[in-house]
Amino acid sequence: MSLWDPRNPSKVVREYRSHGGDVASLIQLGDGRLVTGAQDAVVRVWDVNQKKPVQTMEQGLLSRMKGAINGHTKPVTYLTPTANGFVSGTDSQSIIIWGK
């Protein structure tokens, strides 16, 4: 995943690498963090100032551990923010509600 300079569209500001497949979905949470869902069936939460994932959700709870959010078995193609976190989903009609 790449962060581009909006004033200079040909300039990549930062590269984020951690997924084992192409990123298929991306949202920004209200606190500025990014959430990515990918073909590797993993969801990651990123602080835009760092180049690595910053949070892991386990059993639907936000945690301050580094790593991946595991739970899907198919590519994560859908993300949407909620008042208390976000929802991730796949084309196989599975969803996970991640919250505080």
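R33 and D31 are joined by a salt bridge in this predicted model, their closest N and O atoms lying 2.7 Å apart, where a salt bridge is taken as a side-chain nitrogen of Lys or Arg within 4 Å of a carboxyl oxygen of Asp or Glu. Under that rule the structure has two salt bridges, and R7 forms one with D5, with 3.7 Å between the closest N and O atoms. The burial of the partners is described with relative accessible area, for which buried means under 20%, exposed over 50% and partly exposed in between, computed with a 1.4 Å probe on protein chains only.

| Salt bridge | Closest N and O atoms |
|---|---|
| R33 and D31 | 2.7 Å |
| R7 and D5 | 3.7 Å |

Because the model is predicted, local features are reported for pLDDT of at least 70 and side-chain atom pairs count only at pLDDT 80 or more, although totals for chains, interfaces and linings use all residues. Residues are numbered from 1 along each chain as its sequence is written, and side-chain values rest on heavy atoms, with hydrogens and water left out.

**Overall build**

The chain holds zero helices and 10 strands, with helices (H or I, at least four residues) and strands (E, at least two) taken as DSSP runs and numbered from the N terminus. Of the 100 residues in the chain, 38% are buried. With contact defined as heavy atoms within 4.5 Å, 36% of the contacts between residues at least 6 apart in sequence join residues at least 24 apart.

Strands β9 (residues 85-90) and β10 (residues 95-99) run antiparallel and are joined by five bridges, and two strands are said to pair if DSSP finds at least two bridges between them.

The structure holds one aromatic pair, under a rule by which rings of Phe, Tyr and Trp (its six-membered ring) pair if their centres lie within 6.5 Å, with planes under 30 degrees apart counted as stacked, over 60 as edge-to-face and the rest as tilted. The ring centres of F86 and W98 are 6.5 Å apart and the planes stand at 35 degrees, so this pair is tilted. Because F86 lies in strand β9 and W98 in strand β10, the pair ties together parts that are 12 residues apart in sequence. The C-alpha atoms of W98 and F86 are separated by 5.3 Å, and both residues are buried, W98 with a relative accessible area of 3%.

The side chain of W98 also makes a polar contact with the side chain of S88 at 2.9 Å, a polar contact being a pair of N or O atoms within 3.5 Å, of which, within protein, one must be able to donate a hydrogen and the other to accept it, with residues adjacent in sequence counted only if both atoms are side-chain atoms. T90, found in strand β9, is buried at 9% relative accessibility, and its side chain makes a polar contact with the side chain of S92 at 2.7 Å. Leaving aside neighbours within four places in sequence, T90 is in contact with H72, K74, P75, V76 and T77.

**The nonpolar core**

A nonpolar core is a set of buried Ala, Val, Leu, Ile, Met, Phe, Trp, Tyr and Cys residues joined through side-chain atoms within 4.5 Å. The largest one has 10 residues, namely I27, L29, V35, V43, V45, V54, V76, L79, F86 and W98. At least two residues of this core come from each of β5 (43-46) and β8 (76-82). Not counting residues up to four places away in sequence, V35 touches S25, L26, I27, L29, V43, R44, V45, L79 and F86.

A41 has a positive phi of about 70 degrees although it is not a glycine. A41 sits in the loop between β4 (34-38) and β5, and it is buried, with a relative accessible area of 10%.
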